[in-house]
Amino acid sequence: MSAVVEAAPAPVAAPSPAKPRGRRRRALAAVLVPLGFALAVLALWEAVVRIAALPPFILPAPSNFFSVLVARHEPILMMAAQTARSTLMGFAIGVSIGVVLGSIIGSSRAIYRMVYPALIGFHTIPSVALIPLFVIWFGAGPHIAVITAVVVCFFPVTVIMATAIATSAPELDDVLRSLGATRTDVMVKVALPRAMPQFFGSLKLAITGAFIGTIVAETIAANAGIGYVMVVATNNMDGALAFAALSVLAAMGVTLYAASLFLERRLTGWAYRGR
Amino acid sequence: MARPFVEFDRVTLTYGEGEEATPALDPTSLGIAEGEFVAVVGPSGCGKSSLLKLVSGLLKATSGNVVVAAQEVTAPIKIVGMAFQNPNLLPWRSTLRNVLLPAEIVQPHRARYRRDKAPYVERARQLLRTVGLEGFEQKLPWQLSGGMQQRASLCRALMHEPSLLLLDEPFGALDAFTREELWAVLQALWMQKPFTVILVTHDLREALYLADTIYVMSARPGRILLRRNFDLPRPRTLDSTYDARFVQALAELRAHIAEARTPVPAFA
Ligand SMILES: Nc1ncnc2c1ncn2[C@@H]1O[C@H](COP(=O)(O)OP(=O)(O)O)[C@@H](O)[C@H]1O
Ligand SMILES: [Mg+2]
């Protein structure tokens, strides 16, 4: 009897559970390792401030500005929401203008050759240098932050979209043309999808740009937003408040970046070929 | 005799201009009847792909007239299904959505497809099944081998039931077994409901297996050296490629091809 059992073919190995567990562990590590690093830096920071007994207006300890963050979370959150609103509104408007303008410029050789050099010329002007002009034209206020964000975003998106659309794929165009496709069909079904990887690359530039543009505008020409909080805090030598505001900015920046990265992976996975 | 379905009247094609002008096609006249299965063979670079692009309207003739279905071809025409020398699948679309592409573009399918996608999806799946791509519908092109991409491209060319099918070495990248399987598939599709086919190939057995009329082209600039009609019985099978008549026709074509090639000096 036992001989028969032994002679039976070995059962096919069940799919090894190691794989999903390994993947989960890797995913967990991808979050925990950078988090641990950040905590270590904060701990070192805390130690340095305490040992050197630095005054808070030079460099506050993390425990100090986190307690300020908790204690004054209501006004800080309100200001953060104002900054987020300006950033996202400017981003949305700027990107929309950029996509439309870039597609138009890229789809015509003649327009491309005419407009592109001027576009690059404008692009080299730091957009924040224009904020005083915006104040003269539109008056001070929170809308200056939105306008600055629009201007900062729409340049990279326009330039990158124009280039991506202008570099053609004649073989793929031929597939559509051989079916009697219109120019619009070719645009919608080949040129735009093909430009998606570059488009998302430009989105990452645009979102960080919109954010920086908003903050700078708030420090110069607004009475609301995290940029404004920074100005008030530094004027009052309130280092703890300034750093509390900065930590909110850092968190917002990381969130925005992660969101665009997530979208990019979802929509242009084909370009990564599973990597 | 009725007017040919595809008609070339002293058509020439030259790429580029001035110093860089490359003549690709010398004056060519031909007529292909509706429902005819034609194969074009010739040495590489002789202008076979260019010939197909002239028929489809992707290229404009430098001189002469191209007429398809009694209409002069001046722009791409929609009754054509074309499989290019490279599979040219859209890399961001799944296999199924690549095959569905013509339904999104060619009228009247375009309007019907917008209202009700189901019959088209069913047809696309059916086509993929006949070429052995069942189970790969949701894969992206880079996940398929070159031969599988080529088969998907063939399905795409057939999707909108074109009355003129243009095939540019569609089986070139396939292994011998798959290639011969697909000959049978294509022949069956064609015998079910004959449509006009122009097949470009460098495989003489393939040309004889599939086509009724064979054109032999000369080296660049291309010119038609020979038009030959072999009335071999259908349906043809792999066995019939060993029939005396098939073998004899093959030998005859081989001799003409040898003439068509520019001899390599060292071996001349
Ligand atoms: N876009 C092009 N521009 C310039 N010359 C071309 C182009 N396409 C093809 N040719 C030339 O035309 C000739 C015929 O090309 P093609 O039709 O692709 O030949 P085949 O398909 O028979 O190999 C070749 O000599 C090739 O160099
Ligand atoms: Mg070719």
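Select Cys46(B) together with ligand 1: a backbone N or O atom of Cys46(B) sits 3.3 Å from an oxygen atom of the ligand, a polar contact being a pair of N or O atoms within 3.5 Å. The model is predicted, so local features need pLDDT of at least 70 and side-chain atom pairs 80 or more, while totals for chains, interfaces and linings use all residues. Residues count from 1 along each chain as its sequence is written, chains are lettered from A and ligands numbered from 1 in the order written, and side-chain values use heavy atoms, without hydrogens and water.

Move to Gly47(B), where a backbone N or O atom lies 3.0 Å from an oxygen atom of ligand 1. Next pick Ser49(B): a side-chain N or O atom is 2.7 Å from an oxygen atom of ligand 1. Of the 560 Å² of accessible area that ligand 1 has on its own, the protein covers 62% (Shrake-Rupley method, 1.4 Å probe).

Now show the residues around ligand 1 (a heavy atom within 4 Å); among them are Tyr15(B), Ala24(B), Lys48(B) and Arg220(B). The largest share of this shell, 3 residues, comes from α1(B).

Ser49(B) is in helix α1 (residues 48-56) and Gln85(B) in the loop between β6 (80-83) and α2 (95-105), 36 residues apart; helices are DSSP runs of H or I with at least four residues, strands runs of E with at least two.

Definitions and conventions
Polar contact = N/O pair within 3.5 Å; in protein donor to acceptor, adjacent residues only side chain to side chain.
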